[in-house]
Amino acid sequence: MDPIGLIALGAGIAALGVLGGGIGIGIIGGKAVEAIARQPEAKSDIMSTMIISIAFSEVTSLYALIVSILLIFVV
Amino acid sequence: MHINPPKVFEFTVSNQTYAVTMSIILQWIIMAVIIVLVLLLTRNLGKIPSKRQTVIEMIVNMFNNLVVENLGESFKKRFVPFIGTLGIFIAFMNLTGVIGFAPSTRDINVTATLAIISAIVINGTSIARNGLGRYLHSYLQPFALMLPMNIIEKFTVPLSLCLRLFINMLVGVVFMELIYMALGYFAFIIPILPSFFFDVFVALIQTYVFVMLTIVFTKTSVEE
């Protein structure tokens, strides 16, 4: 049997992991908007904390994406 | 599709073959560009700033504020040169995607080196500030059984720094190649938007994140 179909299937399933990162970034962004609405003068602090948190959250979904990319192009 | 950077030439020293890849050549070019830019831009600075000097002062002030706001005034003299160099170098490396070369930070060897440098600085600052005794004592915090966790943490910090930058840049490179592959001969105008996102926006955000995380980890390791 040709393995390319199974590889594509595995890559698709692996890419489902990006869901978590997306939800996380959404929650972070929403909370940051709330915080800025409460305290507009603390905007720059909130923005830098938000970008750091997004970086932490984003990298988990990128791990899933890299598994998918490796499955397609390397295996 | 090639994920690894292309080999340019290789040389042999005592039966060991070293490959010089495109990412190293790009870094040499970037170093030369930065040195020339610094020499050209910092000539005849005056009390009354010209346009050129205003831009330089903005960049220097940005790094000054970043360090002073997060670490405190006492770190300014030692830390601003390191953070500034790191930031400018990574920014230049990430932005080479704009002129058509795949960024050298999509090579894991480059980001691993940067992360090791950061880890040495983070732990070295902690030793220099607190003394070796208190640094070693921090491994036993909050209690002695946490020793293995604390040792693992010392390795996961540079690992996550390295993987974050590497994966973000690699994903950008792979996505752009996929877009060009999908569009074929119709690859005009449409790739501008994703290219702007991956090559400029993500590149600058990741530079900021790398520099900021180095500062934050230094802060936590000094305070422990």
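Which residues touch the most other members of the largest nonpolar core? The legends below take that up, starting with the core.

**View 1. The largest nonpolar core, with 34 residues.** The residues that touch the most other members are V67(B), I83(B), L161(B), L165(B), F166(B), F210(B) and I215(B). A nonpolar core here is a set of buried Ala, Val, Leu, Ile, Met, Phe, Trp, Tyr and Cys residues joined through C-beta atoms within 7 Å; buried means 20 or more other C-beta atoms within 10 Å of a residue's own, with C-beta atoms placed from the backbone. At least two core residues each come from α3 (43-73) of chain A and from α2 (51-71), α3 (76-94), α4 (108-130), α6 (147-183) and α7 (192-223) of chain B. α6(B) gives the largest share, nine residues. Helices are DSSP runs (H or I, at least four residues), numbered from the N terminus, and strands are E runs of at least two.

This is a predicted model: local features need pLDDT of at least 70 and side-chain atom pairs pLDDT 80 or more, while totals for chains, interfaces and linings use all residues. Residues are numbered from 1 along each chain as its sequence is written, with chains lettered from A and ligands numbered from 1 in the order written.

**View 2. Around L161(B).** Skipping neighbours within four places in sequence, L161(B) is in contact (C-beta atoms, placed from the backbone, within 7 Å) with A115(B), S118(B), F210(B) and L213(B).

**View 3. Where chain A meets chain B.** Here 11 residues of chain A are in contact with 14 of chain B.

**View 4. Chain B, end to end.** Its seven helices and two strands run β-β-α-α-α-α-α-α-α from the N terminus. Of its 224 residues, 27% are buried.

Methods:
Contact = placed C-beta atoms within 7 Å. Buried ≥ 20, exposed ≤ 12 C-beta atoms within 10 Å, placed from the backbone.
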